[in-house]
Amino acid sequence: MTEAAQVQKALFRVAAATTLMVLSFAMLTPVLAVRLQTAGESASAIGLFAMLPFLSIALMVPLMPWVFDRLGVAVAYRCGLGLEGLAILGYALTDHYRLWCVLAVIGGVGAAAAWNGTEAMIAHNAPPERRGRFTGLYQTALGGALALGPFLPGLLPLSPRALTVLAALMPVAGIAFTLGGRVGTLRVSHEDAAPVGLWATICGVPGLVAVAFAGGVFETGLGAITTAYGSQIGLSLAAATSLAGVIGVGSLALQYPCGWLSDHLSPRGVFCLAGALLLAASAAFGLAPAWVPLLWICAFVWGAVGGALYTLTMIRVAHEFAASSAMAGTAAMITGYTVGGAIGPSFSGLMLDTFGVLGQSAWLSALGLAVLLVSRRFSRRVGHA
């Protein structure tokens with residue numbers, strides 16, 4: 001087996017391990033919510049618990065370049081999977097709410113290491129000519145895991161506690177996947193690369209961070225608020241919640257195609273196309289009260305292109321930081337995306353409450369236009385940032 005083939009096999013092992021961790025999270029989240037509800041916890045307490053892993057990820061991602069540099073790539077990545085598995089096992093062994101909150105923080109720290117590490121390993125080691133397709137395939141697998149996970153509790157004849165134990169075994173199985181296949185030789189930066197802080201990295205590629213922010217708004221920041229708007233205009237519960245589902249379907253559908261496009265089109269071309277689609281869908285949202293089916297069309301485009309923007313920024317980071325540290329670059333993109341996902345629901349809710357559907361349409365259109373304008377600064381050459 002050639003050197004390139006061995007590296008690719010190692011990347012597949014890492015991608016499979018992280019996909020198992022995401023499947024575990026997607027299956028476990030509704031199970032834990034049910035366990036908390038039946039234990040008598042309030043909706044506010046459940047919401048706080050659900051927020052803690054994401055807050056931990058946001059706080060820990062800036063530290064990941066330092067952690068991976070000190071522990072080594074493979075060790076830091078496996079520790080991340082191990083922390084996730086340990087936290088989930090804790091949910092099976094206790095029902096104490098405050099301890100669960102501590103476990104949620106521990107799991108978030110582990111998830112930050114696994115998420116950032118996987119993105120950086122793929123960005124640094126995937127073959128440049130196939131980097132887009134490899135990244136797109138990986139993001140498709142994650143999307144499939146997120147979509148499948150919530151259905152597993154209904155498909156498997158297991159108690160909530162048994163499902164929790166099963167979820168704990170998934171990241172452990174992921175660790176087993178990464179014990180061979182030359183995973184230990186994967187790197188996230190060149191040995192002579194100087195350490196780069198998160199803020200310096202963001203300042204170095206502000207356009208890509210801005211695009212990642214927009215991706216977070218459109219893919220993860222609009223599901224709840226769009227569902228609420230659907231309910232407000234009289235849609236049934238099933239119809240309103242389907243809007244969030246359509247966003248997820250869109251994200252899943254376009255990951256690999258956008259990766260393929262990035263291998264064949266210039267960065268300027270592919271990002272401009274994404275910005276134009278977001279601008280068109282966001283402007284069309286203003287007409288949704290007159291023709292309600294537009295809601296589902298807009299939701300699909302937001303999910304598809306928003307998810308694509310995240311994938312495309314990760315691909316661009318791989319080219320931009322090819323001679324230095326992919327870890328710092330991916331940390332910057334994850335930060336931008338996470339902030340967008342956090343700001344999206346609150347600001348969208350404010351716009352809808354204050355200015356109605358036209359206000360929401362205007363702010364999202366402005367965001368799509370910003371992506372279009374920023375994209376004009378990118379290279380016209382395929383494979384260059």
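## Lining of the largest cavity

In this predicted model, the largest cavity is lined by Glu119, Ile122, Ala123, Thr135, Tyr138 and Met314. Helices α5 (97-125) and α6 are the elements that give two or more residues to this lining, and α5 supplies the largest share, three residues. By class, the lining of the largest cavity consists of four nonpolar residues, one polar residue and one charged residue.

The volume of the largest cavity is about 40 Å³, and a search of the whole structure finds one cavity of 30 Å³ or more.

## Packing of α1 against α6

Helix α6 (residues 131-148) also packs with helix α1 (residues 3-38), at an angle of about 20 degrees and with the two axes 8 Å apart. Because angles under 35 degrees count as roughly parallel, α1 and α6 are therefore described as roughly parallel to each other. The crossing in which α1 passes α6 is right-handed.

On the side of α1, the contact is made by Gln8, Leu11, Phe12, Ala15, Thr18, Thr19, Val22, Leu23 and Ala26, while α6 contributes Phe134, Leu137, Tyr138, Ala141, Leu142, Ala145, Leu146 and Leu148. Sorted by class, the residues of this contact comprise 14 nonpolar and three polar residues, with no charged residues. Tyr138, one of the α6 residues in the contact with α1, is also one of the residues that line the largest cavity.

## Packing of α4 against α8

Helix α4 (residues 73-93) and helix α8 (residues 160-177) form another packed pair, whose axes come within 8 Å and cross at roughly 165 degrees. Since an angle over 145 degrees counts as roughly antiparallel, α4 is therefore roughly antiparallel to α8. The crossing of α4 and α8 is left-handed, whereas α1 passes α6 in a right-handed crossing.

From α4, the residues that make the contact are Arg78, Leu81, Gly82, Glu84, Gly85, Ile88, Leu89, Tyr91, Ala92 and Leu93, and these meet Arg161, Thr164, Val165, Ala167, Ala168, Pro171, Gly174 and Ile175 of α8. The contact of α4 with α8 divides into 11 nonpolar, four polar and three charged residues, whereas the contact of α1 with α6 has no charged residues. Among the residues in the contact of α4 with α8 are Arg78 and Glu84 of α4 and Arg161 of α8, together with glycines that include Gly82 and Gly85 of α4 and Gly174 of α8.

Definitions and conventions: Residues numbered from 1 in each chain as written. Predicted model: local features only at pLDDT ≥ 70, side-chain atom pairs only at ≥ 80, totals over all residues. Heavy atoms only, no water. Axes fitted to C-alpha atoms, helices over the stretch in contact; angles between N-to-C directions. Helix = DSSP H or I, 4+ residues; strand = E, 2+ residues; numbered from the N terminus. Parallel < 35°, antiparallel > 145°, perpendicular 65-115°, else oblique. Left-handed = near helix turned anticlockwise from the far one by under 90°. Contact = heavy atoms within 4.5 Å. Nonpolar A, V, L, I, M, F, W, Y, C, P; charged D, E, K, R; others polar. 1 Å grid on protein atoms, 1.4 Å probe; cavity = no way out; pocket = protein on both sides within 12 Å on 5 of 7 lines; lining within 4 Å. Points joined across faces, edges and corners; volume = space filled by probe spheres on them.
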